[in-house]
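Student: I'd like a close look at one part of this protein, the nonpolar core, and then at how charged side chains pair up elsewhere. Could you walk me through it?

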Amino acid sequence: MKTPAQFAPKSRHKPTATATRLSSTQSRATSLFSSAGLLRQLASERAGEPMKEEYSMADTSGLMEAASDFAHYPGVQNDAAAKEFLDRFPLPVIISALQTKADVPGLENTLVNCLERLFKTKYGASLIPHFMPFVQVGLQAASQEVRCLACKTVSCLLENSDEKSVSAVKLIIDCNVYPLLLDCLVNGNEQVAAASMDAIKILACFQGGTNIVFPASDNEVTHLRNLAAQCTSLGRVRVLALIVKLFSVSSSVASIIYSSNLLSLLEAEISNSQDTLVSLSVLELLYEMVEIQHATEILSRTALLQLLSSIISNASLESILRSRAMMICGRLLSKEDTYMFTDEPSVRVVVSAIDARLSSSESLDTDEFESALEALGQIGLSTQGAELLLSSTSPAARHVVYAAFDRQGRGRQLAALHALGNLAGEARSENSVILNGAAEETLRLLIYEAASRNPKLTPSGLFLSVLQQEAETRLAGYRLITAFVARPWCLMEICSKEEIIDIVTDPSIETIKAAMEARYRCCQAIHKAFTCSTKLLSDPPLAGIASKVRYTNRTKA
């Protein structure tokens with residue numbers, strides 16, 4: 001089987017391999033680029049223009065000044081500006097200077113920036129098909145800046161492709177550009193790798209491009225599985241990052257990735273406990289992936305949840321790995337449609353793993369503890385998730401409730417308050433705030449139990465203690481009250497504490513917009529719940545509360 005080394009670039013240092021997979025077009029371009037013949041060839045390929053000998057410049061100062069002005073123009077450069085510039089300095093002139101005058105201080109950087117902006121115009125992009133030899137050689141250049149430019153040029157070619165011009169995908173195939181993009185991905189610096197990824201993602205959006213990125217034969221050297229097998233650990237992470245980026249293109253592309261068994265590459269890397277940095281990098285990629293709209297359905301077909309659960313349960317791993325695994329599970333299970341594709345036992349395994357860590361006799365570091373609370377809060381965003389957290393004789397939600405009113409650690413309390421707000425339904429639709437009867441009763445009992453363990457002794461005292469803290473904690477408190485007042489028992493608790501009403505109706509207490517809005521929504525929720533309660537409306541001592549919360553302002557007048 002051929003390896004990625006076969007299309008590795010030549011280096012100014014010790015060569016890493018020979019580029020044996022180049023097409024005849026590329027081979028011709030490589031030889032031309034090392035001589036003045038390329039300039040004449042490029043000139044003759046431009047719209048029938050006659051060949052010229054003056055493309056090599058002895059003095060590049062004028063070009064450098066004009067290129068700098070074009071590159072740093074504060075607005076968007078239009079086609080007219082691009083044409084005017086190229087009329088003064090044709091592309092072969094710029095390419096010649098880039099090839100032969102690289103030793104001039106600042107010239108390469110200036111020309112690269114200029115060309116990048118030129119190719120982003122419609123006019124500049126229209127010239128790219130005539131200069132594919134430049135793109136080919138640029139993808140193999142020793143200069144990382146030039147390689148990055150070449151990758152971005154491929155993106156411009158694809159983005160500006162239309163039916164009237166030569167097919168961009170056909171050019172990619174004919175000029176054998178894709179293997180060179182892959183080489184930039186695994187062997188280029190960070191900027192080159194990112195530019196290569198962007199180009200490949202755009203390529204995958206084309207019908208013909210999908211067949212290039214995902215070859216039918218598993219034996220193709222460009223198959224991402226084969227590429228990953230030949231890479232260093234950094235190269236493998238970059239290949240996996242590309243897979244995640246491609247996964248986001250569309251559900252059909254994501255299905256191809258699943259069918260090609262490429263997701264197993266991510267699973268294998270996070271299972272490798274010998275390299276924490278690689279495992280952590282892949283977990284970060286998974287964290288991005290689960291946010292993709294169609295991820296839930298496709299990832300539910302994999303063993304991802306079981307794998308993440310095993311990481312969470314493994315006390316011998318670094319805590320940061322467990323923390324990230326928890327956050328991935330929380331994000332994945334936060335969506336209502338999760339339970340259309342994921343069976344409840346799989347979710348319970350995750351919840352049990354997090355519950356076990358929070359119940360562990362060993363001391364959890366702050367980050368892991370907060371991550372566990374946040375993950376439970378994410379799971380509690382959905383109705384089914386919240387009900388699951390409140391089920392069983394020892395519900396996992398107890399950790400959230402107890403930590404929400406425990407002032408031993410500010411970060412922990414803040415994470416727990418927001419998690420409890422999610423679980424109580426602050427972020428759910430109005431008709432989904434209240435849970436089933438069993439879950440509601442468990443939630444009520446947990447709040448009263450937390451009060452009994454606290455000097456405040458009553459739920460109203462707990463809520464007041466939260467509102468008496470600093471602004472960030474008050475904001476979480478507003479979210480909490482907004483959700484809980486939908487429950488008659490809690491509404492009575494809130495309205496029975498005059499200090500709570502005084503704080504939430506004080507328009508001058510908050511100075512940050514987010515807190516102002518949260519306080520205002522809290523007042524609205526109290527007013528709506530209050531007016532729906534015949535019992536409270538008929539209670540003379542409480543009658544003034546409805547009008548007080550109704551007419552509160554968002555900010556101080």
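Tutor: Let's start with the core. The largest nonpolar core takes in 184 residues, and F85 and F405 have the most contacts inside it. Here a nonpolar core is a set of buried Ala, Val, Leu, Ile, Met, Phe, Trp, Tyr and Cys residues joined through side-chain atoms within 4.5 Å. Buried is under 20% relative accessible area, exposed is over 50%, and partly exposed is in between (1.4 Å probe, protein chains only). Leaving aside residues up to four places away in sequence, F85 touches L63, A66, A67, F70, I94, C114 and L118; a contact is heavy atoms within 4.5 Å.

A word on what you're looking at: this is a predicted model, where local features need pLDDT of at least 70 and side-chain atom pairs count only at pLDDT 80 or more, while totals for chains, interfaces and linings use all residues. Residues are numbered from 1 along each chain as its sequence is written, and side-chain values use heavy atoms, with hydrogens and water left out.

Of its 557 residues, 54% count as buried. Take the contacts between residues at least 6 apart in sequence: 70% of them join residues at least 24 apart.

Now the charges. The structure holds 21 salt bridges, each a side-chain nitrogen of Lys or Arg within 4 Å of a carboxyl oxygen of Asp or Glu. R487 pairs with E440, with the closest N and O atoms 2.8 Å apart. R487 sits in the loop between α30 (471-484) and α31 (488-495) and E440 in helix α28 (residues 437-452), so this pair ties together parts 47 residues apart in sequence. R487 is buried at 2% relative accessible area, and E440 is buried too, at 11%.

K245 and D198 also meet in a salt bridge, at 3.4 Å from N to O. This one links distant parts of the chain, with K245 in helix α15 (residues 233-247) and D198 in helix α12 (residues 190-204). K245 is partly exposed at 26%, and D198 is partly exposed at 36%.

Lastly, K120 and E116 meet at 3.4 Å, N to O. K120 is exposed at 56%, whereas E116 is buried at 17%.

Terms used
Helices (H or I, at least four residues) and strands (E, at least two) are DSSP runs, numbered from the N terminus.
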